[in-house]
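Please look at the sequence and the model together before reading on. The paragraphs below are meant to be followed with the structure open.

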Amino acid sequence: MPIDYRIDAAKYYDLCYHRVDDIPFYEQRVPESSARVLELGCGTGRVLVPLAARCGFIQGIDCSEAMLTLCREKLRAAGIPASRAAVAMGDIADFDLGRTFDLIIAPYRVMQNLATDAEVDGFLNGIASHLAPGGTAILNVFKPNAVPATLLARSSPEEVFERDILVEGGYLRCSYRTPRVTRTPLVLYPELIYRRYAGDQLVDEAVLSIAMRCYYPDEFLALIEGHGFRVLEKWGGYAGEAYGEGGELVVAFTKEAAR
Ligand SMILES: C[S@@+](CC[C@H](N)C(=O)[O-])C[C@H]1O[C@@H](n2cnc3c(N)ncnc32)[C@H](O)[C@@H]1O
């Protein structure tokens, strides 16, 4: 059984990363109510659970059992039966589910957790082999806000405060530090730090170390096209921003028809 790096931090994910602006975007891209959808890196089901109400069947895979446990609890609470949604442990860099899907998504920058070329190739090849004829995949990464040299220069062991969130009996302090950045490939290795306080007393601390591989707008399109896909649409965010102009890179693509 692989180590679950998110075991201590999973309970804080929905509190700290409660973004909702992308959910209507993905809901609108479910092609029809009978569609089969695959979410790679479904986590706590932030997107998977609302999408389950919009499609015929949604399959989620994730490598964190702690995140999947929360996702299963939410599916149960929403009354969504196993015939409509299922989640399973799996590695999105190396997966074979033996069936295809009309829509494949990986919301909230999931693919940036894959640091090596081999993982990225495995991920994109997995999408190619699981996409039904005429099906669409949508990937999202953030747009780097600086050139590589600046990102490298910003690496620091200093902690950066992000936000305090009120929770029952106290608050959750979310911060991060980025002690390591590599140039080739360009990967940030941030540590996300969660500290829970009851009044002024620290009662829990969890640190999650992740990889965030960076892609610039043209590079991201070239990567997708280089794996035999045809880009259908692209956006710079979830509020209609032009590609390359917002804080996100969001690309919809399909398999190039065999010649
Ligand atoms: C930022 S969360 C996004 C979760 C969800 N897609 C969302 O939009 O809220 C990234 C998720 O990707 C999962 N993940 C990262 N690398 C993975 C891998 N190689 N295989 C499977 N899941 C992975 C993590 O466990 C985590 O749940």
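This is a predicted model: local features need pLDDT of at least 70, side-chain atom pairs count only at pLDDT 80 or more; totals for chains, interfaces and linings use all residues.

What follows takes up the cysteines, then some features of the backbone, and then one arginine and its surroundings.

With a cut-off of 2.5 Å between cysteine sulfur atoms, the count comes to one disulfide. This disulfide joins Cys16 to Cys174, with an S to S distance of 2.5 Å. The pair links distant parts of the chain, since Cys16 belongs to helix 1 (residues 10-16) and Cys174 to strand 7 (residues 170-182), with the two cysteines 158 residues apart. Cys16 is buried, and Cys174 is buried as well.

Cys63 takes part in no disulfide, and the nearest cysteine sulfur, which belongs to Cys42, is 9.9 Å away. Cys71 is likewise in no disulfide, the nearest cysteine sulfur being that of Cys42 at 4.8 Å. Cys71 counts as buried because its relative accessibility is 0%.

The backbone deserves attention next. The peptide bond that leads from Thr184 to Pro185 is cis, its omega lying near 0 degrees, and Pro185 itself is located in the loop between strand 7 and strand 8 (187-198). Elsewhere, Tyr108 has a positive phi of about 60 degrees although it is not a glycine, and Tyr108 is placed in the loop between strand 4 (101-106) and helix 5 (117-130). Arg109, also a residue other than glycine, has a positive phi near 65 degrees, and Arg109 is found in the loop between strand 4 and helix 5.

Arg46 sits in the loop between strand 1 (36-40) and helix 3 (48-52). Is Arg46 buried or exposed? With a relative accessible area of 10%, Arg46 is buried, because the term applies to values under 20%.

The side chain of Arg46 has two partners that can be traced in turn. It reaches the backbone oxygen of Arg19 at 2.7 Å, and the side chain of Arg46 also makes a polar contact with the side chain of Asp22, at 2.7 Å.

Key: Residues are numbered from 1 along each chain as its sequence is written. Side-chain values use heavy atoms; hydrogens and water are left out. Helices (H or I, at least four residues) and strands (E, at least two) are DSSP runs, numbered from the N terminus. Buried means under 20% relative accessible area, exposed over 50%, partly exposed in between (1.4 Å probe, protein chains only). A polar contact is a pair of N or O atoms within 3.5 Å; within protein, one must be able to donate a hydrogen and the other to accept it, and residues adjacent in sequence count only if both atoms are side-chain atoms.
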